[in-house]
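Please read the following report alongside the sequence and the model.

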Amino acid sequence: MPPREEDALLRSARREAIVIVVLWAVALVYTVTYCALYGYDRTIDDMTFVFGFPDWVFWGVIFPWTLCTVFTWWFCNFFMGDEPLGDDSKVPDDFTDDF
Amino acid sequence: MLEDGITTQWGTVVALVIFIIATLWFGAAAQRAVSRGSFLKGYFLGNRGLGAWAIALTATVQSGGTFMGFPALVYSFGWVVAVWIAGYMVVPLTSLGVLGKRFAQLSRRTGAITVPDLLRERFDDSRVGLIGSLLILFFLTFTMVAQFKAGAAVMKIVFPLDAVFASAPVDEAAPVAAADSAAAAGTDAIDATSIETTITAAANATAETPEAAKPAPPVDYAFLVGLGTFTLIVVGYTMFGGFLASVWTDLFQSVLMLIGVVILVCIAVPAAGGLEAATRQAVAATGDGFVSGPGFIAPTAVSDDAPGPEQLESEQLVAEEQVALEQAHAPVRIFLPVSLAFSFFFTWVYGGMGSPAGMVRLMACNSTGTLRRSIVLLAAYNMLIYIPLIMICIAGRALMPNVQHPDEIIPRMAVQMTSQWTGGSLLAGLVLAAPFGAVMATVSSYLVVIASGIVRDIYQRFYDPHANEMTIKRLTYLSMLVVGAIAIATNINPPEFLQAIIVFCGAGQAAAFAVPGVMTAFWRRATAAGTIASMLAGSATVVGLYAVGWLPDGMMPAAFVQDEVLFTGGAFRPIYLFGIDPIVWGLLMSAVAGVAVSLATQPPRAEIISNLFDAEPEAEPAG
């Protein structure tokens, strides 16, 4: 059987999936670590507020959330590729078709 | 004030009725659209024509939880819930970006209409499809029940049903004994639609009544009418318009939700004197836990001041829990230890990626460009929904410190905040439409997936492959009606733990389908046996950990008895091994089983894999 070349969409999808999973891991480690260190067992007296948010909520959640949103915009506009999804005619109404 | 309240609510009824009519109109329009071409592909997949807005705002895990369970958690436990939800910062990319392209492509190459279709064709084995559809039916039916309860609860708040029953019966179910329902409204102070703070006093009085001396709980007619109306609407429009009706109304509702939440945050935060002032006021009434991890826990688990959302609705249950807690020497309650904060980064991310209802939307996507745009839209949408919701609920705790049902905080805030405005009631209607719409959207999308599972993946696949279109249509409608009837029947005595059930089903689906999804999309060596093992190991792990957690204390194996009650507690709670949520263990087991069994079994036929993983001969690879 002559080897066929790997599908272009598969290649780009895999590359994108890897970046996304790395992003998820980074976000998880940052947010959970930051909030664990600065957000647990505090009192209101030693709390400062950033734009009305408790300091640890702002730096541990709101700030990375904003960064992730900006990253998502960049990723979708400048990193993800476009490929044709292929022929859409293969929709059998029953199961007699061999596909 | 009571009269004001009722006047306000009649205004919201007008807004809601307009909203419902619009929804039904979408159902009718969708029916016209799907009547072109193949019934199956049109009805269950919208002819694969979904655009960016439709994918972004409907393929996600918003549900009754978004507008009821989540706000209730913020209201009850405080700022730490921001960490609980923080996983959503990457959800647009993870839930649409990882599997999206490949699912859209593979479903075209195989002609798949449903997720089990896709699994079957990808692995060339009908058993994979069958097990997939059975798992989908199990988890979706389970979670549907919780969603119907949420829908009925919103209807009850929106429509002044207690007032209706007490005075002029206008609803179809109104002929039920008005005296009974008036008694119900009076006895069950918690269910009064008034948002007077006096409900606290009344509820306290009720709570102090000895349980044994009380008559059987009165039937809550307002809830039942809400339930019936909700079911009629949602089953009706879904039945007529199928997948497209579900998607269009979902989209419409999502946009309304956004408008509602943005308006509400703009009113609520200034009304509380700003976020910092609201926080300080809330902390003064609760404790430092409200502004810090692991979250505020009311001094006693059954306190009237800050009940957890799972403890509400049934005083009897609260009493039982109290007894149980006393017997167990009141274990320490911790809402969100760091181990659970870690776990929920898995829950949202893999819950989104592994949701069959979401996967179907990916399969219906019309192009990769659409997918890219929809991810950006969803990212913006999530930021504008979740962060303001937190702010609203913090303000809510300052403004309305004693809400008995935290599940209702958003609708109650909406009514309260706009009650003094001229024309404010229409705005309240808009805000109230948000939770209502979220629940309808979720129920509707699940209905489509359940019906397609019954009709296509089970009936057509195993029973009658050559069924004609009329049979398929009838069976589809019948399955939706049956699911609606089951939901009503189970909700006559509504189950507790709305949020707990949603979390359970999300975890179960994720553990069953996230890893197999990745195997389907990216791993050539994955085999049918490996995929089945992965689905079963993942879901069995989650179900098992919940089942053990549900055992009464006496029957619990000693190794599993925990000193601390994590998260919201309640009778329906899992075992958190090492403090970690079952979803993480489920995903781990699913991955281990999938890889190990795949490697231990015969590699799949090269020809099948090549057709799905290699460039199609006629389409030259781009490079």
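How much area is buried between chain A and chain B, and what percentage of it do carbon and sulfur atoms give? The area buried between the two chains is about 6,600 Å², and carbon and sulfur atoms give 68% of it; buried area here is the accessible area (1.4 Å probe) that two parts lose on being put together, summed over both.

## Basis of the report

This is a predicted model, in which local features need pLDDT of at least 70 and side-chain atom pairs count only at pLDDT 80 or more, while totals for chains, interfaces and linings use all residues. Residues are numbered from 1 along each chain as its sequence is written, chains are lettered from A and ligands numbered from 1 in the order in which they are written, and side-chain values use heavy atoms, with hydrogens and water left out.

## The interface of chain A and chain B

Chain A brings 66 residues to the contact and chain B brings 83 residues, where contact means heavy atoms within 4.5 Å. Across this interface there are 20 residue pairs in polar contact, both residues being at pLDDT 80 or more; a polar contact is a pair of N or O atoms within 3.5 Å, and within protein one atom must be able to donate a hydrogen and the other to accept it, with residues adjacent in sequence counting only if both atoms are side-chain atoms.

On the side of chain A that touches chain B, the elements that give two or more residues are helix H1 (8–38), strand S2 (53–54) and helix H2 (55–78) of chain A. H1(A) gives the most, with 18 residues. Helices (H or I, at least four residues) and strands (E, at least two) are DSSP runs, numbered from the N terminus. By class, this side of chain A has 38 nonpolar, 12 polar and 16 charged residues; Ala, Val, Leu, Ile, Met, Phe, Trp, Tyr, Cys and Pro count as nonpolar, Asp, Glu, Lys and Arg as charged, and the others, Gly among them, as polar.

## Salt bridges between the chains

A salt bridge is a side-chain nitrogen of Lys or Arg within 4 Å of a carboxyl oxygen of Asp or Glu, and by this rule four are found across the interface of chain A and chain B. In one salt bridge the side chains of Asp82(A) and Arg372(B) meet at 2.7 Å, N to O. Arg372(B) lies in helix H18 (residues 368–399) of chain B and Asp82(A) in the segment after H2 of chain A, so the pair joins two chains.

Arg372(B) is buried, with a relative accessible area of 16%, whereas Asp82(A) is partly exposed at 45%; buried means under 20% relative accessible area, exposed over 50%, and partly exposed in between (1.4 Å probe, protein chains only). Salt bridges also link Glu16(A), Glu83(A) and Lys101(B) in a network.

## Salt bridges within chain B

Over all chains the count of salt bridges comes to 14. Among them, Arg120(B) pairs with Glu121(B), their closest N and O atoms being 2.4 Å apart; Arg120(B) is partly exposed at 24%, while Glu121(B) is buried at 13%.

Arg280(B) forms a salt bridge with Glu276(B) at 3.1 Å between the closest N and O atoms. The two residues are four apart in helix H14 (residues 275–285) of chain B, which means that about one helical turn separates them. Arg280(B) is partly exposed at 36%, and Glu276(B) is partly exposed at 31%.

## Cysteines

A search of the whole structure finds zero disulfides over all chains, a disulfide being a pair of cysteine sulfur atoms within 2.5 Å. Cys266(B) is exposed, with a relative accessible area of 53%, whereas Cys505(B) is buried, at 1%.
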